[in-house]
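Here are my notes on this one, as numbered points. Have a look at the picture first, then read along.

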Amino acid sequence: MDYTPHTPQDLEAMLAKVGAEDLPDLFRELPQDLLFPPLNLPAPLSEAEMMRKLHELAAKNHSAAGSFLGGGLRAHYIPAAVGPLATRAEFLSAYTPYQPEASQGLLQAIFEYQTMISELTGLPVSNASLYDGSTAVAEGVLLALRETGRSQVLISQGVHPEYRKVLKTYLDAIGAELETLPLQSGKTPPAMIGPEVGAVVGANPNFLGTVENLAPLAEAAHAAGALFVAVVDALSLALLKPPGSYGADIAVGEGQPLGNAMAFGGPQFGFMAVRENLVRQLPGRLVSETTDADGKRGYILTLQAREQYIRRGKAKSNITTNAQLTALMGAVYLGALGPQGFREVATRSVLNAHDLAQRLRAIPGVRQLTPEPYFCEFVLELPKPPVEVRSRLAERGLHAAVPVPEEYGQNLALFAATEVHTEEDLAALEAALREVLA
Amino acid sequence: MIAEKKETRLESPLIFEKSVPGRRGVRPPAVPQADLTALLGAENLRPEPPRLPEVDELTLVRHYTGLSRRQIGIDVTFYPLGSCTMKYNPKVHEAAVALFADLHPYQAPETAQGALQLMYELQADLSEITGMEATTLQPAAGAHGELTGILTIRAYHASRGEHDQRRVVLVPDSAHGSNPATASMAGYTVQEIPSGPDGEVDLEALRRALGPHVAAIMLTNPNTLGLFEHQIRAIAEAAHAVGAQMYYDGANLNAIMGVARPGDMGFDVVHLNLHKTFTVPHGGGGPGSGPVGVKAHLEPFLPSPQVVRRGEGFALDYDRPQSIGQVKSFYGNFGALVRAYVYIRMLGREGIQRSAALAVLNANYLKELLKEQGYRIPYDRLCMHEFVAQPPEGFKTVDIAKGLLELGFHPPTVYFPLIVKEALMVEPTETETRETLEAFAQALGEVVRRGKEWLEGAPYTTPVRRLDELQANRKPKLRWEPSGQ
Ligand SMILES: Cc1ncc(COP(=O)(O)O)c(C=O)c1O
């Protein structure tokens, strides 16, 4: 079925008006041999048939709702109010707010979002969102290179390996060099920073889950004339120092922990906040308060000369569509929880993770790789291959043990705990892992 | 109606201004006593909590419900934004997505076979619709797809030892800004190709610009004037003759979805905007999805991983030694993929072709109605899914747009493409009724009849009136500050 409203009478009258005999005649000016190829697609389905097929597909998946999987996305609870509010039809079915008089709702919501991200990161300027955590890292680094006019990047191995891969793709494109600073005992060591380095990147907590003191790295970056980019876990900012306070010029990260479904990896949103003096280098949309013709407060897209539709080949980025709705979910989530609730989610996640780590590292043959202090994820060395362990756990209805890339070591698996877990859940995973490793 | 107008004309306090210390909304499960200093280290803890709003749940609900009433979308009114394909977003898509919300990208692949199967089938469906041989679902939006596609081309040239020689990407002057911006991000020099008097690419100018230094030409077809590039085959031949690759910006695929395939026209790469043609909701500016389809010679360079069939099941294939790498974490915006999949499978071949044809019919019908209202059509011929108009002599496009807002319609895209002065780019889409098109044309006539003075003051009853953009640019205020700071 399709969604066109045309009756036979409509068709007749409209075709007559435009001077076409029938629908194919509308394409009469195109090369005729191109037209109406025999597409190999299945027969159309009704809504009921479609939903049935989707339920069949969905039945082949196991829900990871209460899982212990981490590595960028985690199973946090999403308050019931978030979805219905953020996906109200007016938000869901709007385009980018180019006509501000008809888009005050979104523009104000983005302004509020920018304020929240600014509060979390301790940096004054947040953009309206980027695609995801990985592209936010890439855009943050490109920003630093534009600002410094340099072409080398030094990144801690503590940054998510997939983010580093994406960054490499972006840097290869412009011929910039990427050097990785290997972790030592799970932490980013002091670094020598050369005069051509424009961006130094560290993660907090890092990929192993460890909370790092990145201030020395930021200082070293500044001493060498580079900018410091901090990749931060959104939830951790409920408890940990904001990156703006330890020298980050640019803070980026993945917004999923803030009220977004895991959705098999997307969509969620990427966030970016910067120091005041970098605002004109910022990629993506930005909302400012202003006043209307009657002097009333309102909101509008601003500093658009940074963007592709004004600056074309000289734009700060090609980004156009971003992740507005998922960022809105983030804002609604933070509004729903408030500072106290947000802090409790983070605290409970930390406590659960520490409880879980203690249980799991007591299993014979298991060793914790992640040094203290760590947040709500940690890496264990297992006596069996993690891919196999993950599958055996899944057979028992438990999702855990993300295989960690070998650059960090052999037989490593990442675990996470969140506020959704109970003591029984932790005990169940412990028991299952004992069985699987026995 | 009057009551509603009043409500939306009121000041709209920020959620921070509704905050009251100690007030709480949603409560997480209880937290036992915790010594965070011991667990996380005193030196790592933030001295003060972030100043997030403190509101009860009902206040939160009223806040966002109130904001939504100060916002319009397709579900509210006609939204003929050219180049954006604001077609109806079926509600069944949202029901479909909910079935896949709780999947983690790192769960064991054998426990996500339904998701992988859906992706595998969608890769095939999109390849079929575009006439390509392989499709990646990883890019997060159209511009992201552009970058992916151009980098794929770049890797192909590099594999043939021609990267150093091919440093230029050709882009027509009618192109969307993201095209030249993408080419720059991929490290290329951008050269603009002028349009001819008929609004199409000037083939002679293109031939002159082509040479062994050209990596690719990026085209939108139909172009941003809503015109099909008739010489597309000749363009492709000329490009291929000098070894350049043909890039198709799929933002305008809705006109020819299933009717004519970019692959058959001679394109080597195509990106799709699933949030346009395949009706993933725009969400106020995203998230979207920008899959990229390629011909066989470019397949090895597509991002990693690809979804493949392995035995009875489906798997993620990371063994792609020539790949450009990864462009996004995980596998793409899966939620958008589910919606596009449902759309394609419900429409089927006929529904897809019929939708494209009716998008073209609606655009041409509306174009005729606009002429009757005194609007000028700079390139007046059978258009595709959209067309570009100009207001009657002496009227400004910005005023027409603001007048339309007063009459309850979202205006068309304004001042784009750049090659038409005072451009109004109108894309009605196939999901609009004839009555809506007629009412919109009437409104376009009405705003002109109300005269310039009225227009220059419009809009009057929207939540705010015209905003001071200059002030926002000169002295941007980008966040709320607590009073007294
Ligand atoms: C012609 C054209 N090309 C490319 C894009 C970029 O697509 P996206 O907004 O999905 O990044 C757009 C839409 O904004 C467009 O209209």
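1. Let's start in a loop: B:T279 sits between β6 (269-272) and β7 of chain B. Strands here are DSSP runs of E, at least two residues, and helices are runs of H or I, at least four residues, numbered from the N terminus. B:T279 has a positive phi of about 50° although it is not a glycine. Most residues other than glycine have a negative phi. B:T279 also counts as buried, at 1% relative accessibility; buried means under 20% relative accessible area, exposed over 50% and partly exposed in between (1.4 Å probe, protein chains only).

2. Before you go on, keep in mind that this is a predicted model: local features need pLDDT of at least 70, side-chain atom pairs count only at pLDDT 80 or more, and totals for chains, interfaces and linings use all residues. Residues are numbered from 1 along each chain as its sequence is written, chains are lettered from A and ligands numbered from 1 in the order in which they are written, and side-chain values use heavy atoms, with hydrogens and water left out.

3. Chain A has a positive phi for you too: A:S129, not a glycine, has phi near 135°. You'll find A:S129 in the loop between β1 (125-126) and α6 (133-148) of chain A, and it is buried, with a relative accessible area of 1%.

4. Now the ligand. Which residues come nearest to it? Of the 15 around it, they are A:T321, B:S83, B:D249, B:H275 and B:K276 (near means a heavy atom within 4 Å). Residues from chains A and B surround the ligand, so the site is shared between chains.

5. Check the polar contacts (pairs of N or O atoms within 3.5 Å; within protein, one must be able to donate a hydrogen and the other to accept it, and residues adjacent in sequence count only if both atoms are side-chain atoms). A side-chain N or O atom of B:D249 is 2.5 Å from a nitrogen atom of the ligand. An oxygen atom of the ligand is 3.4 Å from an N or O atom in the side chain of A:Y95.

6. Two proline bonds deserve a click. The peptide bond from B:S304 to B:P305 is cis, with omega near 0°, and a cis bond also joins B:F416 and B:P417, with omega about 0°. Most peptide bonds are trans.
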